[in-house]
Amino acid sequence: MKFTQEARRVIELSQEEAHRLHHNAIRTEHLLLGLLHEETGHTSATLRSLGVTLDNTRVLAEELGEELGGDSATEPGRHLPFTPRARGVLERAARQALTHSHDHLDTAHLLLALLGEDTRGGNELLTRLGADPEQARRQTLAALTSPPAST
């Protein structure tokens with residue numbers, strides 16, 4: 001499955017966020033942070049409309065890191081592995097793209113896959129941030145299924 005430029009950038013930003021927080025692997029909260037960096041796309045607009053911001057998500061990511069016992073500092077630029085849960089999100093994103101008959105994996109597929117996480121995943125992350133995961137899912141599905149706006 002081919003990633004769009006935006007989806008590739010989300011992955012890069014997820015790694016940068018994990019480094020910034022001194023975590024030793026890319027977790028689901030880092031993927032959410034990567035999605036929030038997308039300034040012009042529908043995915044970040046959906047999240048922002050629900051009150052999810054880079055700042056409040058970073059605070060949550062720090063709290064989750066502490067709950068997990070903290071991580072050791074990482075070398076900047078060093079490639080970080082994905083946790084099994086984050087790898088599962090990427091796999092589900094590819095399935096989302098196929099389900100919608102898309103030949104590319106985009107940020108909307110990543111968000112839908114993140115929302116498909118049950119334990120300590122996207123639903124819990126958004127709920128802890130005060131957002132409605134089901135509303136995020138509905139808005140994202142609507143964007144995926146609506147025809148592109150004509151110019």
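How many helices and strands are there in the protein chain? There are eight helices and two strands, taken as DSSP runs (helices are H or I, at least four residues; strands are E, at least two) numbered from the N terminus.

This is a predicted model, so local features need pLDDT of at least 70 and side-chain atom pairs count only at pLDDT 80 or more, while totals for chains, interfaces and linings use all residues. Residues are numbered from 1 along each chain as its sequence is written, and side-chain values use heavy atoms, with hydrogens and water left out.

**View 1. The whole chain, element by element.** Starting at the N terminus, the order is β-α-α-α-α-α-β-α-α-α. Of the 151 residues, 48% count as buried (under 20% relative accessible area, with a 1.4 Å probe and protein chains only).

**View 2. Helix H1, residues 5–20.** With 16 residues, H1 should span 22 Å (1.5 Å times one less than its number of residues). Its end C-alpha atoms are 22 Å apart, which agrees. Buried residues of H1 include Ala-7, Val-10, Ile-11 and Leu-13. After H1 comes His-22, with a positive phi near 60°.

**View 3. Thr-107 and its neighbours.** Thr-107 sits in helix H6, residues 107–115, and is buried at a relative accessible area of 3%. Leaving aside residues up to four places away in sequence, Thr-107 touches Glu-6, Ala-7, Val-10, Leu-35, Glu-38 and Thr-43 (heavy atoms within 4.5 Å). Glu-38 is 69 residues away in sequence, yet 8.7 Å away in space, C-alpha to C-alpha.

Conventions:
Buried < 20%, exposed > 50% of the residue type's maximum accessible area, 1.4 Å probe, protein only.
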